[in-house]
Amino acid sequence: MDDLSGNINYKTLNGDQQQNKMVLKNTLLFLAFYPRNTLNLEIDLGYGSGKLTRNFYGYQSYYITTSNISGQVGAQETSTTGSNMMIQVLYRIFGNKFRFEVGARWSDAPKAFSTEATLFLTKINDAVTPASIGGSGTDAGENAGKVRTMGIELAANYDPGLHKGWAVQVPMYFAATGTDAEYRTDGDTGSESIWAGAKKGNKVSYIPDFMISFGIGALYKKMSASLDANYVTEAFADGANTSTNADTSGTANERFGKIDGRLVMDASFGYQWSDKVRLFSNLKNITNETYIVSRQPHGPRPGLPFTAMAGLEFSL
């Protein structure tokens, strides 16, 4: 569902301040079909309705004089309704899988607020992983079996500055994803694969349970600033879900184990010097958090440490 609105402010011949309003509302029902005999084919159908409402302050007659203008003005409203349809056909070339998503979206432009939620479900029958840990080579890879992923995505945006008419805009956002990803069969993969030792019910490698992002900003005349944070829970680096750095045979191997959870915060500042010149600075990982982002291809790989950058942007 989409809700769009716009206003035009103006003065009448009498000098009165008036406003024209336009509101567009759309509602769409979306369905997806997956033919059994062609697992890579997806057919999507959509049907919905829309309503356009126009509210304007005008004159009832085109013949206006100084003697009759006071009796001619008045508010008028018209609305138009209609339906819309869509269809699309997709063909996937990346393996056999089933994917389903359903969600809702709501926005309130006068209050500078919007939010949405999405539920998703993905089933993969043949999850293929490269046999080479470096991602190179000419082999066809190894089949890790069936994988099921489901979860929810949430997002919200709000600007109290716009809502309450402050001199400073204060945009804020929040986004979160909760994922339950697990192997549905015992995997048949090599000892160096990221899915090595996968068993039915184990968590899928490198997929955290939760990812959360949030931030706040400030815009005042030519100046801007923002603070952003990203939180990720821990994940396993192998299909066996080992907590120690040892492979499925018990041999020490830094490619196995956990990927640590972390909270990383960034900041940015800007100043619009002129129409064509902008000064900016970006600060990454301002708390200098130490964390591992991967254990492939040859052991732990660290995340970006504290980094600062500043410069000028020129518009031609």
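Analyst: The lining of the second largest pocket divides into 10 nonpolar, 3 polar and 1 charged residues, where Ala, Val, Leu, Ile, Met, Phe, Trp, Tyr, Cys and Pro count as nonpolar, Asp, Glu, Lys and Arg as charged, and the others, Gly among them, as polar. The model is predicted, with local features requiring pLDDT of at least 70 and side-chain atom pairs pLDDT 80 or more, while totals for chains, interfaces and linings use all residues. Residues are numbered from 1 along each chain as its sequence is written, and side-chain values use heavy atoms, without hydrogens or water.

The second largest pocket has a volume of about 200 Å³, this being the space filled by probe spheres set on grid points joined across faces, edges and corners. Of its 14 lining residues, those closest to the centre are Ile-124, Val-147, Thr-149, Val-204 and Ile-207; a pocket is an open set of points on a 1 Å grid over the protein atoms alone where a 1.4 Å probe fits, with protein on both sides within 12 Å along at least five of seven lines, and lining residues have an atom within 4 Å of a point. Strands β6 (113–124) and β9 (147–158) each supply at least two residues of this lining, and the largest share, 3 residues, comes from β6 (strands are DSSP runs of E, at least two residues, numbered from the N terminus).

Turning to Asn-241, this residue lies in the loop between β13 (235–236) and β14 (258–259). Asn-241 counts as buried because its relative accessible area is 17%, buried meaning under 20% with a 1.4 Å probe and protein chains only. A polar atom of the Asn-241 side chain lies 2.9 Å from the backbone nitrogen of Lys-203. Apart from neighbours within four places in sequence, Asn-241 is in contact (heavy atoms within 4.5 Å) with Asn-202, Lys-203 and Phe-236.

As for strand pairing (at least two DSSP bridges between two strands), β10 (residues 172–183) runs antiparallel to β11 (residues 210–220), the two being joined by 7 bridges, and Ala-175 has Ser-213 of β11 as its bridge partner. β11 in turn pairs with β12 (residues 223–232) in the antiparallel sense over 10 bridges, with Leu-219 partnered by Ser-224 and Gly-215 by Asp-228. These two strands, β11 and β12, form a hairpin with 2 residues between them, and Lys-221 in the turn has a positive phi of about 55 degrees. β12 also pairs with β15 (residues 262–272), antiparallel and over 10 bridges, where Met-223 has Tyr-271 as its bridge partner.

Technical notes
Helices (H or I, at least four residues) and strands (E, at least two) are DSSP runs, numbered from the N terminus. Buried means under 20% relative accessible area, exposed over 50%, partly exposed in between (1.4 Å probe, protein chains only). A polar contact is a pair of N or O atoms within 3.5 Å; within protein, one must be able to donate a hydrogen and the other to accept it, and residues adjacent in sequence count only if both atoms are side-chain atoms.
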